[in-house]
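Reader: I have a structure to read and some questions about it. Can we take them one at a time?

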Amino acid sequence: MHSFQYKNGELYAENVALKDIAKTYGTPVYVYSHETLLNHFMAYENAFKGFPHITCFAVKANSNLAILNLFGKHGGGADVVSGGELYRALKAGIPANKIVYAGVGKTEEEIRYALKNKILMFNVESGDELNEIDRVAGNMRVKAPIALRINPDIDAETHPYISTGLKKHKFGIPIENALVHYKLAHKFKNIETVGIHKHIGSQLTKISPFVDALKRILLLVDELQKNGIRIRNLDIGGGLGITYRDEVPPHPSQLAKSLLPLLKERDLTVVLEPGRSIVGNAGILLTKTLYLKEGQDKQFVIVDAGMNDLMRPSLYDAYHHIQPVVKNKRAIIAADIVGPICESGDFLAKGREITGVKKGELLAVMSAGAYGFSMSSNYNSRPKVAEVMVKGRKHALIRSRETLKDLLKGETVPELV
Ligand SMILES: *Cc1c(COP(=O)(O)O)cnc(C)c1O
């Protein structure tokens with residue numbers, strides 16, 4: 001359940017009319033509901049309440065400082081995949097000992113930065129990376145806490161671009177090589193083996209891949225134990241799906257109910273890395289219709305938000321529900337809802353049935369809170385849009401709209417030109 005609902009035919013974010021948001025902040029604008037953000041975060045906290053755990057929000061899903069701060073205030077940690085995300089998480093007040101760091105390409109500089117700040121653990125993706133972390137930690141005379149990211153070869157049954165847990169993927173260490181890598185890690189002087197990690201993909205709508213993957217990982221944990229390697233942190237990744245259209249993904253409580261019995265009697269802290277399932281349906285992209293255009297055999301609704309603001313439809317052919325901010329009784333049309341970018345791939349929806357739209361009218365692109373703003377770019381030299389948080393009757397800017405001047409930040413014309 002989310003907090004974007006119609007009241008008397010007008011779409012609201014909690015108790016604020018989206019029409020008023022558009023008037024105050026302009027469009028396009030991302031709007032987040034404080035209530036939904038918190039409810040979705042607490043759904044994990046409550047589901048795993050009886051077991052030692054840390055909910056490390058996946059920063060890449062939405063990296064706004066105010067949103068990270070909100071989760072941090074309620075006990076959340078962070079799952080980061082770059083030095084930049086680590087910087088954001090720390091600036092948002094998330095304690096370093098609740099931060100895990102994944103990614104196949106960590107640089108020496110990033111490793112040093114994470115070590116200096118004493119994060120909970122590195123989720124290491126290769127033997128080569130293990131070497132590098134040991135070397136950097138040695139230079140700093142510290143011990144690096146690590147988990148190995150294990151690729152359990154489980155089909156997450158999701159979109160190929162957001163599936164990560166099969167042999168063919170670049171992520172993690174193949175499960176059959178895990179023991180060898182753990183033994184290697186154990187030998188390194190500057191490395192402390194504290195955990196195990198897996199993340200098999202995103203937008204998962206079934207529990208079974210989570211269960212199958214965990215069973216495989218636990219067999220490995222036992223094998224490691226026999227080899228004198230004790231695992232303290234069990235990081236089960238993120239990936240729970242959301243309803244974009246008609247999917248019926250499991251609730252975090254169902255996930256907990258299926259996984260926790262497997263962990264009984266085990267002295268472990270579970271690390272969770274949810275992203276999409278916390279923020280996805282807590283945010284929308286509000287956009288204004290600029291023009292209507294009759295094509296050869298279809299209609300185009302041209303709006304002021306483009307693929308640079310919300311990339312998912314272009315990148316993954318993702319479905320986002322699009323609805324009018326003010327309901328009307330006009331006839332349903334089938335239209336391509338497109339942005340102003342000079343690319344044929346710039347669309348928010350194709351062949352979409354929607355009640356007739358008029359120039360100047362507002363549309364809400366739903367379920368845009370995850371991988372929305374965080375994937376946005378300045379392509380076509382479009383300033384990044386504003387982000388607003390709504391709480392009850394209150395609303396506040398959490399990121400101001402970029403100005404034209406911002407577009408040139410860091411650029412210079414040197415003499416050699
Ligand atoms: C992207 C990612 C997540 C979050 O995935 P969601 O599907 O948004 O929950 C968690 N862990 C890792 C390692 C990731 O790469």
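Predicted model: local features only at pLDDT ≥ 70, side-chain atom pairs only at ≥ 80, totals over all residues.

Reader: How far is a polar side-chain atom of Ser202 from an oxygen atom of the ligand?

Author: The cut-off for a polar contact is 3.5 Å between N or O atoms. For Lys60, a side-chain N or O atom is 2.7 Å from an oxygen atom of the ligand. For His199, a side-chain N or O atom is 3.4 Å from a nitrogen atom of the ligand. For Ser202, the distance from a polar side-chain atom to a ligand oxygen is 2.2 Å.

Reader: What percentage of the ligand's accessible area does the protein cover?

Author: On its own, the ligand has 390 Å² of accessible area. The part of this that the protein covers is 95%.

Reader: How far apart are the C-alpha centres of domain 1 and domain 2?

Author: The domain assignment gives domain 1 as 4-32 + 280-408 and domain 2 as 95-274. Between their C-alpha centres the distance is 35 Å.

Reader: How many residues does each domain bring to the contact?

Author: Contact here means heavy atoms within 4.5 Å. Domain 1 gives 10 residues and domain 2 gives eight residues.

Reader: How many salt bridges does the rule find across the interface of domain 1 and domain 2?

Author: The two domains bury about 780 Å² between them, with 59% of it on carbon and sulfur atoms. One residue pair is in polar contact between domain 1 and domain 2, both at pLDDT 80 or more. For salt bridges across the interface of domain 1 and domain 2, the count is zero.

Technical notes: Residues numbered from 1 in each chain as written. Heavy atoms only, no water. Polar contact = N/O pair within 3.5 Å; in protein donor to acceptor, adjacent residues only side chain to side chain. Areas by Shrake-Rupley, 256 points an atom, 1.4 Å probe, with all protein chains shown as cover. Domains from an automatic or database assignment. Buried area = accessible area lost by both parts, 1.4 Å probe. Salt bridge = Lys/Arg side-chain N within 4 Å of Asp/Glu carboxyl O.
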